[in-house]
Amino acid sequence: MNLELIRKQIDQVDQELVSLLEKRMALVEQVVAFKKSSGKPVFDSKREEAIFEEVRSLIKNDQYQESIVSTFSDILKHSRHYQDKNIK
């Protein structure tokens with residue numbers, strides 16, 4: 001096992017994650033515009049629970065479930081914060 005090689009692979013995955021997170025935030029910008037014009041609240045518990053259910057269903061290795069769901073919880077928390085900050 002070569003630690004440097006593994007770390008380079010992790011760095012590549014991190015680059016992909018950053019790109020995907022930027023794409024997600026660009027879509028959140030559109031959500032902000034919609035919610036601002038429609039008066040819809042930032043927090044939608046049904047939507048978030050649906051996201052968590054979908055995430056759980058996509059995880060193939062059960063031992064990663066807690067970590068991945070927790071990561072998505074953080075993503076949603078930061079998305080709500082961004083929306084709160086930009087809707088006002």
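A crossing counts as left-handed if the near helix is turned anticlockwise from the far one by less than a right angle, and as right-handed if clockwise. I noted that before looking at helices, which here are DSSP runs (H or I, at least four residues) numbered from the N terminus.

Housekeeping: this is a predicted model, with local features needing pLDDT of at least 70, side-chain atom pairs counting only at pLDDT 80 or more, and totals for chains, interfaces and linings using all residues. Residues are numbered from 1 along each chain as its sequence is written, and side-chain values use heavy atoms, with hydrogens and water left out.

I started with α1, which has 36 residues and reaches 51 Å from first C-alpha to last. That is close to the 52 Å expected at 1.5 Å a residue (1.5 Å times one less than the number of residues).

Next I checked how α1 (residues 3-38) sits on α3 (residues 65-87): the angle is about 45° and the axes are 10 Å apart. Axes are lines fitted to C-alpha atoms over the stretch in contact, with angles from 0 to 180 degrees between N-to-C directions. The crossing of α1 past α3 is right-handed.

I then listed the contact (heavy atoms within 4.5 Å): it includes V28, V32 and K35 of α1 and Y82 and I87 of α3.

Which residues of α1 are buried? I found V28, V32 and K35 (under 20% relative accessible area; exposed is over 50%), and they pack against α3.

Last, I looked at S37 in α1. At 63% relative accessibility, S37 counts as exposed. Its C-alpha is 9.3 Å from that of I87, 50 residues apart along the chain.

Definitions and conventions. Helices (H or I, at least four residues) and strands (E, at least two) are DSSP runs, numbered from the N terminus. Buried means under 20% relative accessible area, exposed over 50%, partly exposed in between (1.4 Å probe, protein chains only).
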